Amino acid sequence: MLSQLQMQAILDMALSKGGDFAELFFEDTHENSVIGKSADIKKISSVHIYGAGIYVLSGTSSAYVYTNQLSYANLIKAAKKAAALLPILKKAGKQSVQLCMEQYPTPNPIQMKPSTVSMKEKVELVKESSTMAGGLSPYIQSMEATYFDKEQQIIVVNSEGLLTTDHRVSSRLRFSGVVENHLGVDSFWGDYTRAAGFEAYHNPELYRNVARELVNSTLIGLEGKSIKSGVYPVVMEAGACGTLWHEACGHPLESVAISENSSEFVGMLGKRVASDKVTLVDDGTIQGMYGSAAIDDEGAQTRKNILIEDGILKGYLCDRLGGRRLGMESTGNGRRQSYAYAPVARMTNTYLAAGNDEEDEMIGSIDRGIFVKSIGGGYGGREFSLEVQEGYFIEHGKITSPIKGLTLTGKGMDVITKIDRVGKNLVPEGGSFCGASSGLCSVTSYQPRIRISEMQIGGEC
Amino acid sequence: MLINLQEYKKKLNKLPAEVKEAEAEGRLEDKVKVVVRDGSIGGVESSEVATIAVRATGERTGYAFTQDLSENPMDLIRMAYENSCYMNGEKQPLHSSETGFCGAITSTPRGTSVQEINGDGITKMKELAFSIEELLHTQIPMVSNSEIIVEAVTTASHVVNSKGVDGYYESRYYTVEITAVATMGEHNYNGRSFQMVECLEELKENTIIEEVEQSLLNQFNPGEFTSGVYEAVLDKYAVCNMMITLWKVFSAKHHLEATSIFSGAYGSKIASETVTIVDQAYDEKSGYYRPFDYEGSYGNDVTLVRKGQFVGLMHNYKTAMECNEEVTGNAGRAESLIAGMPSDYTVVPRNIRICPGNRSVEELLTMMGDGVYITETYDQFHSINQTSGEFSIPCKGVIIKNGKKEMAANALTISGNIKELFQHIVEIGNDLHTEIFFTGAYAYGSPSLYVTDLQITG
């Protein structure tokens, strides 16, 4: 490991051609995966990700050099390269200041680090869970369980004197397979995710429920009928249907989208962008959540950011550079998949705050509409789309038969101004991955049950 | 470019008794990226990352990967071996020096060799980006914001194993991507175009700018759309997006696991006679080159669909043996987007494409007469189910009357089943377009397609 003086020398080299800020990001990550099908363990692999990135800013220009050759000599060379890549060449820029260690408490304390658990125990877990899941329905043609663990150690050092570290652990059990009955065949996959160590598996009922829901949802999908095109009220269930907010608002509120003018929320700070029932929060500090950490990947302490309050746009999500481009400070959202990416503003745990409306009334008061129970994934930008994994017709105030092949699309602001009910019961979700320009980051997106008074739905004519 | 596997070679020749055979693949990836944004350099990135992937076999095969180049090779081999001790099933076959690649390739089939990208090279990339930006704003004055990304990706791969395989290659490709925001009327629209080339000099600046212009104009002033079943021309960009999932139906892995809609249809007619789909080790247009794969299998070109007939599969060594077919050089590790380092020994394409035909897209629109021109598709990861074949893809398009563009239509969805879509391809365009998967694991391409009986809702 480098000494503090060596780190400072690297930062000074990075600033030597006129940069006004420099940062070193070190990463040492271990991951394991075990794939099994009932009693058969098909594959086991161990991965070691190891490298560092040197980031230099000059105003709103940046240079980023990354490598996995971490000797002092190589890192000085990399820093020199980063300095030379900056567009502005001056004699010398700022000098770094003396480093001072800052340490923040983690919202995700770990009881059993995966590195302390034997491979034998992990293999037993995969055998047990894949056998269990394979027995959930006679219509299952194949079922695999894949165990993943990750232990990431990062060190962030910057020219403002910050020296900080974080140790992050996550656990994941993926169920994937194929179901087939007289109605057809379909494949599925879904994750049980926890920002925790091996203690995540101490209550088997938790991951069994995930497998059960997945299989049932896929089988129900085979019964689905198509919907006719039209305008419908849509009720979205509490929990992971919060992906709506991730795709419809979250991505368009990230500083990259705002600074590149590719978001409908540009210029809307302080203005009404949603119904007054909408308060949207992004919070990287929540205990036990998949998107939480002590610090972001630029060393800034994570925080709670209110994005929309009672329908009024309050803020954007910024990393350091994104904030500079907007004339704002970082909001503690600079994140990246690994050292192989420069940090970019990304979501953490994004949720719609609970409201005051009765959940049963949302459905009971609809004559003809749609109930979305779960969402598979989606895409966000100027327009968003969501794959409905499990959706139902609402007829005369009751949830009736399943709908197949339903995709919800629309413009974010159009939809969120039509939220006319927000339930009282905020339900969190386990978490998943979000992909964007700084790679895949762990996030959660959740909500109480909500109703959208009307959405244009594409269907059969 | 060098990845030093000498220590690994020594250890592979002196394996402990319990390790019957082992293999190490060293991959060095060198990237340079220049971003020009709204008239100035937004950012420059440079990287050099080496990864060592090891598999070791006792009775079964286990895996270990590292980016810590100071790790003792024997420790990594041992870790892979210890992982194997918990496994069931068969061991993974390794090539011998007779069957696997031995040798060094330091240029592409047409002679392009990889030189280091130094200061001059980066200056060239910056100049190109600025030149494109200037042309963009001159030709499309309504562009308010733009970002031009020019990237050079150089890969070197060295595979060695305890049975004598020792293969090395280097390759490079360049990509140029434009994203632009234009203000037209009262609204802002996003446009994008992309090109992939073996040498920067081959980039067609005018083409890439015309494509951005078209992608913007195709969205302008959208109107109401009536859902129905239509004839449609699927633009090359729209089909390319679909190819990110579609290629999996031709993977031998999915075929054997019965997770492909075409499992069981090998040898049958699965598409119209206009359709031929191939996967090639080298594409001189895009520059993507893999003369051998992660296991040292020779990169053979494979025809997957010939005039509508399903005639080939993409294999790794294991699936080739299981299917009693020739290896094709399709062993890979990154089928999908995953967090962390790709570590799954699976099957991936190299340069997979629907082969182009002879018609321009204008001719396809004229042939169609009345219908819809689908210009963009989204959400490639969730919108197509390769097992059931069902798709429900959000997209944008233009309503076509008498072969001419009449009105833009946004917030559309095309839906159906891949089986029927393939059978309803009437004609294939001559405008082959190629893109690179996010992780760089493979290139994929398609021309525009004229199809019938497509359910489109809006």
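Begin by selecting helix 1, residues 4–14, and helix 2, residues 72–85, both in chain A of this predicted model. The axes of helix 1 and helix 2 of chain A come within 7 Å and cross at roughly 25 degrees; because angles under 35 degrees count as roughly parallel, helix 1 of chain A and helix 2 of chain A are roughly parallel to each other. If you look along the pair, helix 1 of chain A passes helix 2 of chain A in a right-handed crossing.

Now show the side chains where these helices meet. From helix 1 of chain A, select A:Gln6, A:Ala9, A:Ile10, A:Met13 and A:Ala14, and from helix 2 of chain A, select A:Tyr72, A:Leu75, A:Ile76, A:Ala79, A:Lys80 and A:Ala83, which together form the contact. Coloured by class, the contact of helix 1 with helix 2 of chain A shows 9 nonpolar, 1 polar and 1 charged residues.

Stay with A:Tyr72, which is placed in helix 2 of chain A. Leaving aside residues up to four places away in sequence, A:Tyr72 touches A:Leu2, A:Gln6, A:Ala9 and A:Ile10.

The contact is made by A:Leu125, A:Glu128, A:Ser129, A:Met132 and A:Ala133 on the side of helix 3 of chain A, and by A:Tyr207, A:Arg208 and A:Ala211 on the side of helix 4 of chain A. By class, this contact between helix 3 and helix 4 of chain A has 5 nonpolar, 1 polar and 2 charged residues.

Move to chain B and select helix 3, residues 119–139, with helix 4, residues 205–217; the axes of these two helices of chain B come within 10 Å and cross at roughly 45 degrees. That angle makes helix 3 of chain B oblique to helix 4 of chain B, and the crossing of the two is right-handed. Helix 3 of chain B contributes B:Leu128, B:Ser131, B:Ile132, B:Leu135, B:Leu136 and B:Gln139 to the contact, while helix 4 of chain B contributes B:Glu205, B:Asn206, B:Ile209, B:Val212 and B:Glu213. Sorted by class, the contact of helix 3 with helix 4 of chain B has 6 nonpolar, 3 polar and 2 charged residues.

While in chain B, select B:Gly332, which lies in strand 12, residues 331–332, of chain B. B:Gly332 has a relative accessibility of 0% and so counts as buried. Which residues does B:Gly332 touch, not counting residues up to four places away in sequence? They are B:Tyr294, B:Asp344, B:Tyr345, B:Thr346, B:Val347 and B:Val348.

Return to chain A for its loops. Most residues other than glycine have a negative phi. Select A:Ser38, in the loop between strand 1 (21–37) and strand 2 (40–58) of chain A; A:Ser38 has a positive phi of about 55 degrees although it is not a glycine. With a relative accessible area of 35%, A:Ser38 is partly exposed. Then select A:Asp310, in the loop between strand 10 (304–309) and strand 11 (312–313) of chain A, where phi is positive, at about 50 degrees, although the residue is not a glycine. A:Asp310 counts as partly exposed at 44% relative accessibility.

Finish at A:Gln337, in the loop between strand 12 (334–335) and strand 13 (344–345) of chain A. A:Gln337 is buried, with a relative accessible area of 11%, and its C-alpha atom is separated by 23 Å from that of A:Asn74, 263 residues apart along the chain.

For confidence, the model scores ipTM 0.95 and pTM 0.95, and chain B averages a pLDDT of 94, with 99% of the residues scoring at least 70.

Conventions
Residues are numbered from 1 along each chain as its sequence is written. Chains are lettered from A and ligands numbered from 1 in the order in which they are written. This is a predicted model: local features need pLDDT of at least 70, side-chain atom pairs count only at pLDDT 80 or more; totals for chains, interfaces and linings use all residues. Side-chain values use heavy atoms; hydrogens and water are left out. pLDDT is the predictor's confidence in each residue, from 0 to 100. Axes are lines fitted to C-alpha atoms, for helices over the stretch in contact, and angles run from 0 to 180 degrees between N-to-C directions. Helices (H or I, at least four residues) and strands (E, at least two) are DSSP runs, numbered from the N terminus. Angles under 35 degrees count as roughly parallel, over 145 as roughly antiparallel, 65 to 115 as roughly perpendicular and the rest as oblique. A crossing is left-handed if the near helix is turned anticlockwise from the far one by less than a right angle, and right-handed if clockwise. Contact means heavy atoms within 4.5 Å. Ala, Val, Leu, Ile, Met, Phe, Trp, Tyr, Cys and Pro count as nonpolar, Asp, Glu, Lys and Arg as charged, and the others, Gly among them, as polar. Buried means under 20% relative accessible area, exposed over 50%, partly exposed in between (1.4 Å probe, protein chains only).
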